[in-house]
Amino acid sequence: MKWEVRTMRSGTSFFDWTVFKKTICRFWPLWGAYSAIWLVALPLNGLMLLRMDNYSLNDYGSYMEDFAFSQVPSAAEIALQLAAVFGVLCAMAVFSHLYNARSANLFGSLPIRREGLFLTHYLAGLAFLVVPNLVIFLLTLLVELAGGVVCWQGLGFWLAVSCGEGFFFYSLAVFCGMFTGHILALPAFYIIFNFIVMGVTELLSVVFRAFYHGFAGFAGGVYEAVNWFTPIVWLEGAVESHTRMFQDSTTDSVLSGGQRVLVTEGLGAVGIYALAALLLTVCAFFLYRVRRLESAGDVVSVRAMRPVFKYGVA
């Protein structure tokens, strides 16, 4: 006789699609505002220039050519401010259940592993930034196709910078959020983590100038390292783009017909910060696993870090 034993599948999961969808729908004004800003900045702006292009030309070619080769890649420079602001807002939204005792206990009682809760909420917040970028990329591409001028390098540069910077600042905000149980403390810690190295360096410089005779300042390499640990400052100076025009060597006149070369800088720096974001995500993951639900409401949720924050703030 053959006996078969039926086993019940485990109710735990590493990812919950229902929680993911609920998070996306609950905080739609956040990703909606982010999408609206880029919608006005790129596709709608391109449509306006496309309409103007039907009536007149500027001095260097069509308006759509300026849009594709200049305005789209230049938009990557303002992506830094949007990534820094919306990164912390997304982290505050998707992990808001950690800062309320009732919500923390509710999610803790769900048949989802800690790993699943973290991954679900983390991916939901990251989708707030990445998915709108992809949609804007496609819409802008359609506008450029309609105008007959497509600059793949400029579009790719904007997309890589926007997603890379958003990934870093969002991961940094999530990492900071694991140290606190108070939602208003998260942006405070986020700002401190962004500027702590520069602030301490400037403080030491002031002290040395006052008490160390002949001290004129730190070496240039020190300030370069400080800027690397201050991502907003470093990325603001590293990410840029500009165009060069081909000229006729015989007449020194600018050639027409889209003879432009786009020069972009800063993708290497964005890639380095993206790698740092992966490390921050892993650290946040392990902090989430050992986090106590009872810490909801505490300014510092990790006991071992309380002396650090106490004396650090002092």
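Predicted model: local features only at pLDDT ≥ 70, side-chain atom pairs only at ≥ 80, totals over all residues.
Ground rules. Numbering runs from 1 along each chain as the sequence is written. Local features need pLDDT of at least 70, side-chain atom pairs count only at pLDDT 80 or more, totals for chains, interfaces and linings use all residues, and side-chain values use heavy atoms, without hydrogens or water.

The helix pair, then. H6 spans residues 152-177, and H7 spans 185-211. Helices here are DSSP runs of H or I, at least four residues, numbered from the N terminus. The two pack at about 120°, axes 9 Å apart. Axes are lines fitted to C-alpha atoms over the stretch in contact, and angles run from 0 to 180 degrees between N-to-C directions. That makes H6 oblique to H7; oblique is what remains after under 35 degrees (roughly parallel), over 145 (roughly antiparallel) and 65 to 115 (roughly perpendicular).

Who touches whom? Contact means heavy atoms within 4.5 Å. H6 brings Phe-169, Leu-172, Ala-173, Phe-175, Cys-176 and Gly-177. H7 answers with Leu-186, Phe-189, Tyr-190, Phe-193 and Asn-194. By class, that is 9 nonpolar, 2 polar and no charged residues. Tyr and Cys count as nonpolar, Gly as polar.

Now the cavity: grid points, 1 Å spacing, where a 1.4 Å probe fits but cannot get out. The structure holds 1 of 30 Å³ or more. H4 (101-108) and H5 (114-147) each supply at least two lining residues. H4 gives the most, with 3. The lining divides into 6 nonpolar, 2 polar and 1 charged.

Conventions:
1 Å grid on protein atoms, 1.4 Å probe; cavity = no way out; pocket = protein on both sides within 12 Å on 5 of 7 lines; lining within 4 Å. Points joined across faces, edges and corners; volume = space filled by probe spheres on them.
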